[in-house]
Amino acid sequence: MAAAWPSGPVSPEAVAAHLLGVLWLVAANTGPWGAVATAAAGGDETLKCEDLKVGQYICKDPKINDATQEPVNCTNYTAHVSCFPAPNITCKDFSGNETHFTGNEVGFHKPISCRNVNGYSYKVAVALSLFLGWLGADRFYLGYPALGLLKFCTVGFCGIGSLIDFILISMQIVGPSDGSSYIIDYYGTRLTRLSITNETFRKTQLYP
């Protein structure tokens, strides 16, 4: 039901107050919490908790395995963390039940990426390359026995091969031979290699 506009001459203060009232009504129904409130009131179907907007939930940090330095539930390069909707939010939790949250209940589990590790430590690899690279110890450790033996027989290709291997291992370009990732502190410094594939989004270029 639309609000009636006062008839006759009105003061600028009255016009401003009326406009502010209309803007407040629109904001209350279309704001970030408006959709949830409308859904809870029966206007639409209740949202799923995983469809909440940023700021309407908080996710806990994953529990880290001390041995692998990856989330304990890492499977197929994916782990999950528990997320808690904000107080007074109503949505469907991971079980499909409509719940009015107080901020202490788990609403959904958010997937995060993790890495596959197989016991190869980045710190050990760098130390071996720095101090025993001329004997091929770094290559033996990472599972490249042929290159390790070749470096041992040539004294690290007269030092040049040892220097190159140290740079490649330090930059995480050369990794374990089985294709796994280095064990690196989860909250430590990691390098992420970016690449373009057929699935990479390409923005259409507009030419003048």
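A surface patch is made here of residues with over 30% relative accessible area and no salt bridge, and nonpolar side chains are joined within 5 Å. In this predicted model, one such nonpolar patch is formed by Leu130, Phe131, Leu132, Trp134 and Val155, which together have about 520 Å² of accessible area. Helix α3, spanning residues 122-132, contributes 3 residues, the largest share of the patch. Leu132 is among the patch members and is found in helix α3.

The chain as a whole contains 7 helices and 7 strands. Along the sequence these elements follow the pattern α-α-β-β-β-β-β-β-α-α-α-α-α-β. Of the 208 residues in the chain, 26% are buried. The chain exposes about 14,400 Å², and 62% of this area is supplied by carbon and sulfur atoms. When contacts between residues at least 6 apart in sequence are considered, 55% of them join residues at least 24 apart.

The mean pLDDT of the chain is 82, with 77% of residues reaching 70 or more. Over residues 1-6, pLDDT stays under 50, and the model has 4 contacts beyond four places in sequence for this segment.

Notes: Residues are numbered from 1 along each chain as its sequence is written. This is a predicted model: local features need pLDDT of at least 70, side-chain atom pairs count only at pLDDT 80 or more; totals for chains, interfaces and linings use all residues. Side-chain values use heavy atoms; hydrogens and water are left out. Patches are made of residues with over 30% relative accessible area and no salt bridge: like charges are joined within 9 Å, nonpolar side chains (Val, Leu, Ile, Met, Phe, Trp, Tyr) within 5 Å. Accessible areas come from the Shrake-Rupley method with a 1.4 Å probe; for residues, only the protein chains shown count as cover. A salt bridge is a side-chain nitrogen of Lys or Arg within 4 Å of a carboxyl oxygen of Asp or Glu. Helices (H or I, at least four residues) and strands (E, at least two) are DSSP runs, numbered from the N terminus. pLDDT is the predictor's confidence in each residue, from 0 to 100. Contact means heavy atoms within 4.5 Å. Buried means under 20% relative accessible area, exposed over 50%, partly exposed in between (1.4 Å probe, protein chains only).
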